[in-house]
Amino acid sequence: MPLTTIQAAAIGSEAFRELAVICAIHHMRDFTAMATALASCGADPAVMTIIDKGYPYHNRDAVDGWLRDLGATMVPYPARAAGIAAHLDRATAADKRTLVFDDGGYVLPVVLDTMPERVAELVGVVEQTTSGIRALDRFEHIPVPVFSVAESALKAAVEAPHVAASVIDAVTDLVRDETWAGRPALVIGYGKLGRQAAKILRDTERMRVAVFDREPVMLVTAHQDGFRVGQDLGQLLREHRPLLVLGAAGAGSLTGAHAYDFTAPAYLASMTSRDYEFPLSEWADAAEHVGSLGDIGHAYVMPGDIELCVLGDGLPLNFHHRESMPNRISDLVFAALLAGGAVLAEPGARGHGPGRNVPLVDAILAASPVMDAYLTLYAEETQRQLLTPSATDCPPYEHQPWCYAQRSETPDTPTVEKVFRDGPDLVPRFAEHLAAVRAERTQSPGVGLPAVSEHRPEPAGGAVRIPHLVAIAAADGPVTDRVLWEVMAGIDVRPWCGLIPERGWFEHRLDALLDLRRKLRAGDLPASAAVSELRAALTGRYLSIRFAYQHQSVIALVLDEIAAEAHGAAA
């Protein structure tokens, strides 16, 4: 996230030191870069509160664990009112006012509704999304500055195409065997997102697209863009008979009564915040049956055997077990959020008074050093960098074809693990093995080879080292064990092994782990309950470092028994 880093450096290390911070930002990998930038600009994690929206993000557990390790307070979405009040109490005790970074109107509306007497404790709000701006429309007066990145020319230019593409990719991923070309789709809401989605459905998926919007001017725009439009949504549903409906209105795309306007089964997907697009509780009451489709969503079978399949349970589909858009795009948006936060942190906020001031926001963002940095990186491309690991940091590689399905590179080796032929190309062959195993496990292609080395590395920038336990054999020699080291991004550790391991504990016991592998291979272990438990856990697996991380308690018991047996023999 180079632009976020550049913006943080421009702001300086003292910008947020006198402020407490609330963030209601999506828990994807890019948010860790923003949280790091906030801390580098002086924000104290002890008075930083993160509202967890609870969406099923692809890397949610890893990001949540990282944020807890940072020291921030996590507040679940249903408890946000109490969490905000508790945050303001902590901030007051620390003699700090609060700066809010919001993505959907999760904070200021709650303060105005439930604790209006505390609104003066807010310095202001940096709002990222249009739904957050719409959430403020019902208030006659907004008493604090709202730096609206959501309505800025910058965000309008860069984000909508990627979010729309992510939603449609999610639709086609969830219903892989469906065919879309030549079939009818309906987009409800023709704002920035809806307009991009309609164009992708027509130009890429080759669907017949109709558009509905409550604003006549938007229907005129859609008609000029070449789409079928209608001013009566019920009639459009009955006549166009959409196979796919995308809700992009911001809230209330359909009413309960609209379920009866569907004359054929349909898929429905939301493009905006929470589950506000479709009246799911009303449909559930009216449905003859509601079926769970697992990760796909829920199916509402309405009278007349009309099935409405609500993908992703009606939550925004671009966050459904996936990252919403490329980090190099969110990087630009997060840099804009930081720039807005720095303005609101200044005395006088550069003239940004209560409420919104979009022309001032556009002027401030246009003057940000991030604009020149973006053009240098991606327009002029004077310093193009790939996202794969640096080749100079990787071991030499000479390709040698091999079959992953083979049991071993040495014949008649009595072990379920992969045994590698020793030699100068061991490191790249093991890196290729790791990449293949992970691609098979996740059913998705990897991005380059992992960074593997023979010698213990000293990772930087949030990376960690993983000591892999590797079986090797010379052409005519026995199987032996050694350690090869991988440098892995810290945020990727939990998705890889399912937990945050005590890596130091294992590093202090690497020799003992290698000895345990040898004893397992030779059948030379004491008869004990712990050894039996270990053997049972190893059924269909072998003693890799990943297995060891996942079974630390039984590993510890067995190592203690081995040490005790050795001590007794020595005595």
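This report walks through a predicted model of a protein, from its overall make-up to a few individual residues.

Local features are described where pLDDT is at least 70, side-chain atom pairs count only at pLDDT 80 or more, and totals for chains, interfaces and linings use all residues. Residues are numbered from 1 along each chain as its sequence is written, and side-chain values use heavy atoms, with hydrogens and water left out.

**Overall picture**

The protein has 22 helices and 18 strands; these are DSSP runs numbered from the N terminus, with helices being H or I of at least four residues and strands being E of at least two. Its C-alpha trace spans about 85 × 60 × 50 Å along the principal axes. Of its 571 residues, 51% count as buried. Here buried means under 20% relative accessible area, exposed means over 50%, and partly exposed is in between, using a 1.4 Å probe and protein chains only. Of the contacts (heavy atoms within 4.5 Å) with a separation of 6 or more, 70% are between residues 24 or more positions apart.

**The cores**

A nonpolar core is a set of buried Ala, Val, Leu, Ile, Met, Phe, Trp, Tyr and Cys residues joined through side-chain atoms within 4.5 Å. The largest one holds 50 residues, and F16, L38, F101 and F147 touch the most other members. Helix α13 (residues 327–345) gives this core its largest share, 11 residues. Another core lies apart from it, with 32 residues that include V493, F506, A530 and A556.

What does F16 touch beyond its neighbours within four places in sequence? Its contacts are L38, C41, G42, A43, L99, F101, L338, G341, A342 and A345.

Of the 6 residues of β4, 5 are buried.

| Partner of β4 | Bridges | A bridge pair |
|---|---|---|
| β5 (residues 122–127) | 5, parallel | G124 with L99 |

**A buried lysine**

K96 sits in the loop between α4 (80–93) and β4 (97–102). K96 is buried but has no salt bridge, and the nearest side chain of opposite charge, E18, is 4.9 Å away. A salt bridge needs a side-chain nitrogen of Lys or Arg within 4 Å of a carboxyl oxygen of Asp or Glu; for charge, Lys and Arg count as positive and Asp and Glu as negative, while His and the chain ends are not counted. A polar atom of the K96 side chain does lie 2.6 Å from the backbone oxygen of R17. Leaving aside neighbours within four places in sequence, K96 is in contact with R17, E18, L19, A20, V47 and A91.

Most residues other than glycine have a negative phi. D305, however, has a positive phi of about 60 degrees. D305 lies in the loop between β13 (297–302) and β14 (306–311), and it counts as exposed because its relative accessibility is 60%. R350 also has a positive phi, near 55 degrees. The loop between α13 and α14 (358–366) holds R350, which counts as partly exposed because its relative accessibility is 47%.

Finally, S270 lies in strand β11 (residues 266–270). S270 counts as buried because its relative accessible area is 0%. Not counting residues up to four places away in sequence, S270 touches V167, G247, E277, F278, G314, L315, P316 and L317.

Terms used:
Polar contact = N/O pair within 3.5 Å; in protein donor to acceptor, adjacent residues only side chain to side chain. Pairing = 2+ DSSP bridges.
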